[in-house]
Amino acid sequence: MPVPKRKTSKKRKNQRASTKFIRTKSFTECSNCKSPLNSHAACSVCGFYKGKKVMKTKLDRMLMRGQAKEAAYKKAHAAHQHEQSTEPTEESQNVQKDEE
Ligand SMILES: [Zn+2]
């Protein structure tokens, strides 16, 4: 097992420790939604950077999924209605034949 050749001096240890403190991070405000933001980064809330929409956010994706689901539901519903509209005519014809 590798072992350090020399003892770490107080100076070296303290120099290393001097860099390990909590710094306040600089941040800016989003120009679109006014939420706090890391500088030089796109806003994760609204997806804006320098006044332009540059990326899709979680909310955007959720909305897209919702619309896609709605469209699929409508499509399925429309197809179902179409099936229903064709079925009763056949049934009614059968019923009419039975009655005759
Ligand atoms: Zn924003």
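This briefing covers the overall make-up of one chain and then a few of its residues. The model is predicted. Two helices and four strands make up the secondary structure of the chain. Of its 100 residues, 2% count as buried.

**Overall layout**

- Read from the N terminus, the order of elements is α-β-β-β-β-α.
- Contacts between residues at least 6 apart in sequence include 0% that join residues at least 24 apart.

**Confidence**

- The chain has a mean pLDDT of 83, and 81% of its residues reach 70 or more.
- Among the elements, H1 has the highest mean pLDDT, at 95.
- The lowest mean pLDDT among the elements, 74, belongs to helix H2, which covers residues 58-99.

**Lys-25, between H1 and S1**

- Lys-25 sits in the loop that runs between helix H1 (10-18) and strand S1 (27-29).
- Lys-25 has 8 other C-beta atoms within 10 Å, and it is therefore exposed, since a residue with 12 or fewer such atoms counts as exposed.
- Lys-25 and Asn-38 are 13 residues apart along the chain, and their C-alpha atoms are separated by 8.3 Å.

- Most residues other than glycine have a negative phi.
- Lys-34 has a phi near 65°, which is a positive value in a residue other than glycine.
- The loop between S1 and strand S2 (36-38) is where Lys-34 is found.
- Lys-34 is exposed because 11 other C-beta atoms lie within 10 Å.
- His-40 also has a positive phi, near 60°, and is likewise a residue other than glycine.
- His-40 belongs to the loop between S2 and strand S3 (48-49).
- His-40 is exposed because its count of other C-beta atoms within 10 Å is 8.

**Gly-47, between S2 and S3**

- Gly-47 is placed in the loop between S2 and S3.
- Gly-47 counts as partly exposed because it has 19 C-beta neighbours inside 10 Å, whereas a buried residue needs 20 or more.
- Leaving aside neighbours within four places in sequence, Gly-47 is in contact with Ala-42 and with Lys-53, Val-54, Met-55, Lys-56 and Thr-57, as well as with Asp-60.
- One of these contacts, Thr-57, is 10 residues from Gly-47 along the chain, and the C-alpha atoms of the two are separated by 5.8 Å.

Methods
Residues are numbered from 1 along each chain as its sequence is written. This is a predicted model: local features need pLDDT of at least 70, side-chain atom pairs count only at pLDDT 80 or more; totals for chains, interfaces and linings use all residues. Two residues are in contact if their C-beta atoms, placed from the backbone, lie within 7 Å. pLDDT is the predictor's confidence in each residue, from 0 to 100.
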